[in-house]
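Here is a friendly walk through one model, from its loops to its ligand. Please keep the viewer open as you read.

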Amino acid sequence: MTYDPQERRDTPLERELATRIRTEGPISVAEYMRICLQDPAHGYYRARSAIGSRGDFITAPEISQVFGELTGLWCAVVWHQMGAPKSFSLVELGPGRGTLMADALRAARIVPGFLEAAEVTLVEISDALKAEQRAALSAVTNSLRWVESVAAVDSTRPAILVGNEFLDALPARQWVLADGGMHERTVALDEAGRLIFSQADTLATGGPCVPFDRFRGGAGAIVEWREVSSLARGLSALLEGAGAAALFIDYGHVETAPGDTLQAVRGHRHEHPLCSPGEADLTTHVDFEAFAGAFRGRCGIDGPVTQAEFLGALGIVERASRLMSTNPGQAGQIELAVARLMAPQGMGARFKAIGLRSMHLPPLPGLVSVDKTARGT
Ligand code: SAH
(Lines give C-alpha, C1' and ligand atoms only; values in the text may rest on other atoms or scores of the structure.)
Protein backbone atom coordinates (compact mmCIF):
# COMPACT_ATOMS: atom_id res chain seq x y z
CA MET A 1 0.00 0.00 0.00
CA THR A 2 1.43 3.40 -0.92
CA TYR A 3 1.87 6.06 1.70
CA ASP A 4 0.03 9.23 0.87
CA PRO A 5 1.23 11.98 3.24
CA GLN A 6 -2.21 13.60 2.79
CA GLU A 7 -3.75 10.69 4.64
CA ARG A 8 -1.31 10.89 7.51
CA ARG A 9 -3.09 11.72 10.74
CA ASP A 10 -1.56 13.69 13.52
CA THR A 11 -2.11 11.37 16.49
CA PRO A 12 -0.67 11.77 20.00
CA LEU A 13 1.37 8.60 19.49
CA GLU A 14 2.76 9.85 16.19
CA ARG A 15 4.20 12.87 18.02
CA GLU A 16 5.63 10.66 20.79
CA LEU A 17 7.15 8.24 18.30
CA ALA A 18 8.73 11.05 16.29
CA THR A 19 10.31 12.53 19.44
CA ARG A 20 11.66 9.15 20.48
CA ILE A 21 13.06 8.31 17.05
CA ARG A 22 14.65 11.76 16.78
CA THR A 23 16.51 11.27 20.07
CA GLU A 24 17.13 7.51 20.14
CA GLY A 25 17.12 6.50 16.48
CA PRO A 26 14.88 4.20 14.41
CA ILE A 27 12.84 1.47 16.13
CA SER A 28 12.07 -2.07 14.94
CA VAL A 29 8.72 -2.87 13.32
CA ALA A 30 7.91 -5.06 16.36
CA GLU A 31 8.54 -2.13 18.70
CA TYR A 32 6.38 0.08 16.47
CA MET A 33 3.55 -2.51 16.65
CA ARG A 34 3.97 -2.89 20.40
CA ILE A 35 3.75 0.85 21.03
CA CYS A 36 0.82 1.36 18.61
CA LEU A 37 -1.20 -1.47 20.11
CA GLN A 38 -0.18 -1.54 23.76
CA ASP A 39 1.05 1.93 24.81
CA PRO A 40 -0.60 2.47 28.24
CA ALA A 41 -1.86 5.95 27.36
CA HIS A 42 -2.55 5.92 23.61
CA GLY A 43 -2.23 2.29 22.44
CA TYR A 44 -4.95 1.06 20.09
CA TYR A 45 -6.13 -1.74 22.37
CA ARG A 46 -5.84 0.18 25.64
CA ALA A 47 -8.68 2.61 25.28
CA ARG A 48 -10.99 1.74 22.47
CA SER A 49 -13.48 -0.95 21.72
CA ALA A 50 -12.59 -1.68 18.12
CA ILE A 51 -14.50 -4.82 17.27
CA GLY A 52 -17.89 -5.18 15.60
CA SER A 53 -19.82 -3.51 12.80
CA ARG A 54 -19.43 -0.05 14.39
CA GLY A 55 -15.76 -0.61 15.25
CA ASP A 56 -12.78 -1.14 12.97
CA PHE A 57 -13.03 -4.83 12.14
CA ILE A 58 -15.32 -7.82 12.57
CA THR A 59 -14.32 -11.25 13.82
CA ALA A 60 -15.77 -14.76 13.52
CA PRO A 61 -17.62 -14.81 16.89
CA GLU A 62 -19.19 -11.45 15.97
CA ILE A 63 -20.32 -12.86 12.62
CA SER A 64 -22.14 -15.92 13.98
CA GLN A 65 -22.98 -17.28 17.43
CA VAL A 66 -22.29 -20.75 16.02
CA PHE A 67 -18.55 -20.03 16.11
CA GLY A 68 -18.48 -19.55 19.89
CA GLU A 69 -20.98 -22.35 20.50
CA LEU A 70 -18.84 -24.90 18.64
CA THR A 71 -15.75 -23.63 20.47
CA GLY A 72 -17.58 -24.17 23.78
CA LEU A 73 -18.50 -27.73 22.82
CA TRP A 74 -14.90 -28.31 21.72
CA CYS A 75 -13.77 -27.20 25.20
CA ALA A 76 -16.27 -29.56 26.83
CA VAL A 77 -15.03 -32.54 24.78
CA VAL A 78 -11.43 -31.66 25.67
CA TRP A 79 -12.42 -31.39 29.35
CA HIS A 80 -13.73 -34.96 29.11
CA GLN A 81 -10.51 -36.07 27.41
CA MET A 82 -8.69 -34.61 30.43
CA GLY A 83 -10.77 -36.80 32.75
CA ALA A 84 -13.37 -34.13 33.60
CA PRO A 85 -11.34 -32.41 36.37
CA LYS A 86 -13.53 -30.95 39.16
CA SER A 87 -11.77 -27.61 38.83
CA PHE A 88 -9.94 -26.14 35.82
CA SER A 89 -9.14 -22.78 34.23
CA LEU A 90 -11.10 -21.98 31.10
CA VAL A 91 -8.90 -19.32 29.57
CA GLU A 92 -9.53 -17.02 26.65
CA LEU A 93 -6.68 -14.97 25.23
CA GLY A 94 -7.76 -11.62 23.80
CA PRO A 95 -11.53 -12.12 24.35
CA GLY A 96 -12.61 -8.94 22.55
CA ARG A 97 -16.19 -8.12 23.46
CA GLY A 98 -16.68 -11.43 25.32
CA THR A 99 -18.97 -12.78 22.61
CA LEU A 100 -17.11 -16.02 21.97
CA MET A 101 -16.95 -16.91 25.67
CA ALA A 102 -20.62 -16.02 26.24
CA ASP A 103 -21.71 -18.25 23.33
CA ALA A 104 -19.30 -20.99 24.42
CA LEU A 105 -20.57 -21.07 28.01
CA ARG A 106 -24.20 -21.04 26.88
CA ALA A 107 -23.65 -24.00 24.53
CA ALA A 108 -21.57 -25.98 27.03
CA ARG A 109 -24.31 -25.74 29.67
CA ILE A 110 -25.68 -29.02 28.33
CA VAL A 111 -22.54 -30.85 29.50
CA PRO A 112 -23.09 -31.82 33.16
CA GLY A 113 -20.44 -30.50 35.53
CA PHE A 114 -18.50 -28.45 32.95
CA LEU A 115 -19.64 -24.96 33.96
CA GLU A 116 -19.38 -25.73 37.68
CA ALA A 117 -15.76 -26.86 37.19
CA ALA A 118 -14.68 -23.91 35.02
CA GLU A 119 -12.95 -20.85 36.42
CA VAL A 120 -13.21 -18.43 33.51
CA THR A 121 -9.96 -16.50 33.12
CA LEU A 122 -9.63 -13.74 30.54
CA VAL A 123 -6.21 -12.60 29.32
CA GLU A 124 -6.77 -8.99 28.31
CA ILE A 125 -4.87 -5.69 28.32
CA SER A 126 -7.69 -3.36 27.28
CA ASP A 127 -9.72 -1.70 30.05
CA ALA A 128 -12.45 -0.78 27.57
CA LEU A 129 -12.78 -4.39 26.44
CA LYS A 130 -12.62 -5.72 30.02
CA ALA A 131 -15.72 -3.63 30.75
CA GLU A 132 -17.49 -5.08 27.71
CA GLN A 133 -16.45 -8.59 28.71
CA ARG A 134 -17.82 -8.07 32.21
CA ALA A 135 -21.13 -6.91 30.75
CA ALA A 136 -21.31 -9.89 28.37
CA LEU A 137 -20.31 -12.53 30.89
CA SER A 138 -21.36 -11.64 34.41
CA ALA A 139 -24.85 -13.02 33.79
CA VAL A 140 -23.48 -16.30 32.35
CA THR A 141 -20.88 -17.16 35.00
CA ASN A 142 -20.01 -15.97 38.48
CA SER A 143 -16.50 -17.34 38.24
CA LEU A 144 -14.69 -14.68 36.25
CA ARG A 145 -11.21 -13.20 36.54
CA TRP A 146 -8.80 -11.18 34.42
CA VAL A 147 -5.05 -11.42 34.00
CA GLU A 148 -2.74 -9.51 31.65
CA SER A 149 -0.62 -12.45 30.52
CA VAL A 150 -0.85 -16.21 30.29
CA ALA A 151 2.06 -16.46 32.73
CA ALA A 152 -0.38 -15.35 35.46
CA VAL A 153 -2.70 -18.37 34.93
CA ASP A 154 -2.46 -20.87 37.79
CA SER A 155 -0.40 -23.86 36.56
CA THR A 156 -1.36 -26.08 39.50
CA ARG A 157 -4.71 -26.88 37.94
CA PRO A 158 -5.60 -28.06 34.42
CA ALA A 159 -6.33 -25.42 31.79
CA ILE A 160 -8.18 -25.22 28.50
CA LEU A 161 -7.27 -22.15 26.45
CA VAL A 162 -8.70 -20.56 23.33
CA GLY A 163 -7.56 -17.54 21.33
CA ASN A 164 -9.27 -16.22 18.21
CA GLU A 165 -7.41 -13.45 16.40
CA PHE A 166 -5.04 -13.11 19.35
CA LEU A 167 -1.71 -14.17 17.83
CA ASP A 168 -1.97 -11.73 14.91
CA ALA A 169 -1.94 -8.83 17.37
CA LEU A 170 1.37 -9.85 18.97
CA PRO A 171 4.26 -7.72 17.63
CA ALA A 172 6.33 -9.15 14.77
CA ARG A 173 9.80 -8.18 13.53
CA GLN A 174 10.56 -7.76 9.86
CA TRP A 175 13.80 -8.18 7.92
CA VAL A 176 14.72 -7.11 4.42
CA LEU A 177 16.71 -9.83 2.65
CA ALA A 178 20.05 -8.88 1.09
CA ASP A 179 22.80 -10.89 -0.53
CA GLY A 180 24.61 -12.65 2.28
CA GLY A 181 22.27 -11.63 5.10
CA MET A 182 19.36 -9.46 6.06
CA HIS A 183 18.72 -6.03 7.52
CA GLU A 184 16.13 -5.46 10.22
CA ARG A 185 13.29 -3.31 8.88
CA THR A 186 12.75 -0.24 11.02
CA VAL A 187 10.51 2.79 11.42
CA ALA A 188 12.51 6.01 11.00
CA LEU A 189 11.86 9.68 10.09
CA ASP A 190 12.22 11.36 6.71
CA GLU A 191 13.63 14.90 6.29
CA ALA A 192 10.19 16.37 6.95
CA GLY A 193 9.96 14.47 10.25
CA ARG A 194 7.36 11.99 8.97
CA LEU A 195 7.40 8.30 9.88
CA ILE A 196 8.83 6.09 7.13
CA PHE A 197 9.99 2.50 6.80
CA SER A 198 13.75 2.10 6.66
CA GLN A 199 16.27 -0.60 7.48
CA ALA A 200 19.20 -1.09 9.82
CA ASP A 201 22.67 -0.68 8.34
CA THR A 202 24.02 -3.78 10.05
CA LEU A 203 23.67 -7.11 8.30
CA ALA A 204 22.37 -10.04 10.33
CA THR A 205 22.87 -13.60 9.15
CA GLY A 206 20.27 -15.78 10.76
CA GLY A 207 19.29 -13.63 13.71
CA PRO A 208 17.73 -15.26 16.72
CA CYS A 209 15.06 -16.96 14.69
CA VAL A 210 14.68 -16.35 10.97
CA PRO A 211 16.01 -19.28 8.91
CA PHE A 212 17.99 -17.05 6.55
CA ASP A 213 19.46 -19.94 4.58
CA ARG A 214 16.01 -20.85 3.39
CA PHE A 215 15.55 -17.44 1.78
CA ARG A 216 19.04 -17.07 0.28
CA GLY A 217 18.74 -15.40 -3.14
CA GLY A 218 15.56 -13.51 -2.36
CA ALA A 219 17.23 -10.08 -2.01
CA GLY A 220 14.72 -7.28 -1.43
CA ALA A 221 11.99 -9.54 -0.05
CA ILE A 222 10.70 -9.09 3.49
CA VAL A 223 10.54 -11.88 6.05
CA GLU A 224 8.68 -11.66 9.34
CA TRP A 225 9.15 -13.21 12.74
CA ARG A 226 6.72 -12.95 15.63
CA GLU A 227 8.23 -12.91 19.09
CA VAL A 228 6.24 -15.54 21.01
CA SER A 229 8.83 -16.62 23.57
CA SER A 230 7.06 -15.13 26.59
CA LEU A 231 3.72 -16.59 25.46
CA ALA A 232 5.48 -19.92 24.85
CA ARG A 233 7.01 -19.84 28.35
CA GLY A 234 3.63 -19.13 29.96
CA LEU A 235 1.84 -21.79 27.93
CA SER A 236 4.58 -24.35 28.49
CA ALA A 237 4.23 -23.91 32.25
CA LEU A 238 0.58 -24.94 31.87
CA LEU A 239 1.24 -27.71 29.33
CA GLU A 240 3.97 -29.18 31.53
CA GLY A 241 2.16 -28.43 34.80
CA ALA A 242 -1.23 -29.86 35.71
CA GLY A 243 -2.06 -30.36 32.01
CA ALA A 244 -3.46 -28.11 29.32
CA ALA A 245 -4.90 -27.91 25.83
CA ALA A 246 -4.94 -24.76 23.72
CA LEU A 247 -6.72 -23.79 20.52
CA PHE A 248 -5.61 -20.85 18.37
CA ILE A 249 -7.49 -19.63 15.33
CA ASP A 250 -6.04 -16.92 13.16
CA TYR A 251 -5.36 -15.93 9.60
CA GLY A 252 -2.01 -16.91 8.28
CA HIS A 253 0.10 -19.41 6.39
CA VAL A 254 1.01 -23.00 7.10
CA GLU A 255 4.66 -22.62 6.04
CA THR A 256 7.18 -19.85 6.67
CA ALA A 257 7.36 -17.76 3.51
CA PRO A 258 8.67 -14.31 2.59
CA GLY A 259 6.16 -11.46 2.35
CA ASP A 260 5.20 -8.21 4.05
CA THR A 261 1.86 -8.85 5.76
CA LEU A 262 1.84 -5.88 8.14
CA GLN A 263 -1.54 -4.25 7.75
CA ALA A 264 -3.57 -1.48 9.34
CA VAL A 265 -7.36 -1.41 9.48
CA ARG A 266 -9.49 1.50 10.65
CA GLY A 267 -13.24 1.81 10.21
CA HIS A 268 -13.32 -1.44 8.14
CA ARG A 269 -10.83 0.06 5.65
CA HIS A 270 -7.21 -0.79 5.03
CA GLU A 271 -4.76 2.05 5.36
CA HIS A 272 -0.99 2.42 5.36
CA PRO A 273 0.47 1.05 8.65
CA LEU A 274 2.24 4.36 9.40
CA CYS A 275 -0.84 6.51 8.78
CA SER A 276 -2.45 6.77 12.20
CA PRO A 277 -0.31 5.27 14.98
CA GLY A 278 -2.45 4.09 17.90
CA GLU A 279 -5.74 4.65 16.07
CA ALA A 280 -5.74 1.73 13.61
CA ASP A 281 -5.54 -2.00 14.27
CA LEU A 282 -2.14 -3.37 13.27
CA THR A 283 -1.57 -7.05 12.56
CA THR A 284 0.64 -9.43 10.64
CA HIS A 285 -0.39 -12.87 9.37
CA VAL A 286 0.43 -15.77 11.64
CA ASP A 287 3.24 -18.04 10.48
CA PHE A 288 1.92 -21.35 11.82
CA GLU A 289 5.13 -23.23 11.06
CA ALA A 290 7.13 -20.79 13.18
CA PHE A 291 4.49 -20.79 15.91
CA ALA A 292 4.47 -24.60 16.09
CA GLY A 293 8.28 -24.51 16.09
CA ALA A 294 8.24 -22.59 19.38
CA PHE A 295 6.52 -25.60 21.00
CA ARG A 296 8.00 -28.57 19.13
CA GLY A 297 9.20 -31.28 21.51
CA ARG A 298 7.42 -29.67 24.48
CA CYS A 299 3.85 -30.79 23.74
CA GLY A 300 1.57 -32.44 21.20
CA ILE A 301 0.71 -30.23 18.22
CA ASP A 302 -2.47 -30.85 16.18
CA GLY A 303 -3.09 -29.14 12.84
CA PRO A 304 -3.02 -26.56 11.52
CA VAL A 305 -6.19 -27.18 9.55
CA THR A 306 -8.29 -24.58 7.80
CA GLN A 307 -11.11 -22.92 9.72
CA ALA A 308 -13.55 -24.59 7.31
CA GLU A 309 -12.09 -28.03 8.08
CA PHE A 310 -12.18 -27.33 11.80
CA LEU A 311 -15.74 -26.00 11.96
CA GLY A 312 -16.88 -28.65 9.49
CA ALA A 313 -15.45 -31.43 11.69
CA LEU A 314 -17.22 -29.94 14.72
CA GLY A 315 -20.57 -30.08 12.92
CA ILE A 316 -21.22 -26.48 11.89
CA VAL A 317 -23.73 -27.53 9.24
CA GLU A 318 -25.85 -29.51 11.67
CA ARG A 319 -25.67 -26.80 14.32
CA ALA A 320 -26.62 -24.07 11.86
CA SER A 321 -29.56 -26.12 10.50
CA ARG A 322 -30.89 -26.63 14.00
CA LEU A 323 -30.57 -22.92 14.71
CA MET A 324 -32.35 -22.10 11.46
CA SER A 325 -35.28 -24.39 12.20
CA THR A 326 -35.77 -22.89 15.67
CA ASN A 327 -35.42 -19.32 14.26
CA PRO A 328 -37.06 -19.52 10.82
CA GLY A 329 -37.32 -15.72 10.63
CA GLN A 330 -33.51 -15.46 10.71
CA ALA A 331 -32.71 -18.49 8.58
CA GLY A 332 -31.33 -16.43 5.69
CA GLN A 333 -29.06 -14.39 7.98
CA ILE A 334 -27.78 -17.49 9.77
CA GLU A 335 -27.00 -19.18 6.46
CA LEU A 336 -25.12 -16.14 5.15
CA ALA A 337 -23.07 -15.80 8.33
CA VAL A 338 -22.09 -19.46 8.30
CA ALA A 339 -21.22 -19.27 4.59
CA ARG A 340 -18.91 -16.34 5.41
CA LEU A 341 -17.07 -18.34 8.09
CA MET A 342 -16.66 -21.31 5.72
CA ALA A 343 -15.95 -19.50 2.41
CA PRO A 344 -13.23 -21.39 0.51
CA GLN A 345 -11.93 -18.13 -1.02
CA GLY A 346 -12.30 -16.23 2.26
CA MET A 347 -12.29 -16.87 6.00
CA GLY A 348 -12.80 -20.63 5.62
CA ALA A 349 -9.37 -21.07 4.03
CA ARG A 350 -7.43 -18.00 5.13
CA PHE A 351 -7.99 -18.74 8.81
CA LYS A 352 -6.30 -21.79 10.32
CA ALA A 353 -6.77 -23.63 13.60
CA ILE A 354 -3.91 -25.19 15.57
CA GLY A 355 -3.98 -27.11 18.84
CA LEU A 356 -1.38 -27.63 21.57
CA ARG A 357 -1.80 -30.27 24.25
CA SER A 358 0.12 -31.84 27.10
CA MET A 359 1.96 -34.96 25.92
CA HIS A 360 -0.33 -37.32 27.84
CA LEU A 361 -3.53 -36.07 26.16
CA PRO A 362 -5.00 -37.63 23.01
CA PRO A 363 -5.21 -35.60 19.74
CA LEU A 364 -7.61 -32.69 20.04
CA PRO A 365 -10.99 -32.81 18.26
CA GLY A 366 -11.36 -31.38 14.77
CA LEU A 367 -7.69 -30.68 14.17
CA VAL A 368 -6.57 -33.54 11.94
CA SER A 369 -6.28 -32.27 8.38
CA VAL A 370 -8.56 -34.19 6.03
CA ASP A 371 -7.59 -32.46 2.80
CA LYS A 372 -4.10 -31.01 2.66
CA THR A 373 -4.74 -29.46 -0.76
CA ALA A 374 -7.48 -27.28 0.74
CA ARG A 375 -5.00 -25.40 2.93
CA GLY A 376 -4.81 -21.99 1.36
CA THR A 377 -2.58 -19.23 2.68
N1 SAH B 1 -10.99 -12.79 20.18
C2 SAH B 1 -11.81 -11.64 19.93
C3 SAH B 1 -11.03 -10.35 19.77
C4 SAH B 1 -9.87 -10.32 18.80
S5 SAH B 1 -9.05 -8.74 18.79
C6 SAH B 1 -12.71 -11.89 18.74
O7 SAH B 1 -12.48 -12.87 18.04
O8 SAH B 1 -13.65 -11.12 18.52
C9 SAH B 1 -7.64 -9.00 19.80
C10 SAH B 1 -7.88 -9.10 21.27
O11 SAH B 1 -6.64 -9.34 21.91
C12 SAH B 1 -8.48 -7.87 21.94
O13 SAH B 1 -9.32 -8.29 22.99
C14 SAH B 1 -7.23 -7.18 22.47
O15 SAH B 1 -7.49 -6.25 23.48
C16 SAH B 1 -6.42 -8.36 22.94
N17 SAH B 1 -4.97 -8.18 23.01
C18 SAH B 1 -4.19 -7.64 22.05
N19 SAH B 1 -2.89 -7.72 22.42
C20 SAH B 1 -2.88 -8.32 23.63
C21 SAH B 1 -1.82 -8.70 24.53
N22 SAH B 1 -0.57 -8.45 24.24
N23 SAH B 1 -2.18 -9.33 25.68
C24 SAH B 1 -3.47 -9.60 25.97
N25 SAH B 1 -4.51 -9.27 25.15
C26 SAH B 1 -4.20 -8.64 24.00
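## A glycine in a loop

Gly217 is found in the loop between helix H9 (212–215) and strand S9 (222–226). Helices (H or I, at least four residues) and strands (E, at least two) are DSSP runs, numbered from the N terminus. Gly217 counts as exposed, at 72% relative accessibility; exposed means over 50% relative accessible area, buried under 20%, and partly exposed in between (1.4 Å probe, protein chains only). Gly217 and Gly180 are 37 residues apart in sequence, while their C-alpha atoms are 8.4 Å apart in space.

This is a predicted model, in which local features need pLDDT of at least 70 and side-chain atom pairs count only at pLDDT 80 or more, whereas totals for chains, interfaces and linings use all residues. Residues are numbered from 1 along each chain as its sequence is written, and side-chain values use heavy atoms, with hydrogens and water left out.

## Backbone points to check

Most residues other than glycine have a negative phi, and most peptide bonds are trans. Glu165, not a glycine, has a positive phi of about 50°. Glu165 lies in the loop between strand S5 (159–164) and strand S6 (172–178), and Glu165 is buried, with a relative accessible area of 14%.

His268 also has a positive phi, of about 65°. The loop that holds His268 runs between strand S11 (263–266) and strand S12 (269–271), and His268 counts as partly exposed at 39% relative accessibility. The peptide bond from Gly303 to Pro304 is cis, with omega near 5°; Pro304 belongs to strand S15 (residues 300–306).

## A covered helix

Helix H6 (residues 99–108) is mostly covered, with 8 of its 10 residues buried. Among them are Leu100, Met101, Asp103 and Leu105.

## Around the ligand

How many residues surround the ligand? There are 20, and the closest are Thr59, Gly94, Gly96, Glu124 and Asn164; a residue belongs here if one of its heavy atoms lies within 4 Å of the ligand. By class, this shell has 11 nonpolar, 6 polar and 3 charged residues. Ala, Val, Leu, Ile, Met, Phe, Trp, Tyr, Cys and Pro count as nonpolar, Asp, Glu, Lys and Arg as charged, and the others, Gly among them, as polar.

Polar contacts are pairs of N or O atoms within 3.5 Å. A backbone N or O atom of Gly94 lies 2.7 Å from a nitrogen atom of the ligand, and a polar backbone atom of Gly96 is 3.0 Å from a ligand oxygen atom.

Notes:
A polar contact is a pair of N or O atoms within 3.5 Å; within protein, one must be able to donate a hydrogen and the other to accept it, and residues adjacent in sequence count only if both atoms are side-chain atoms.
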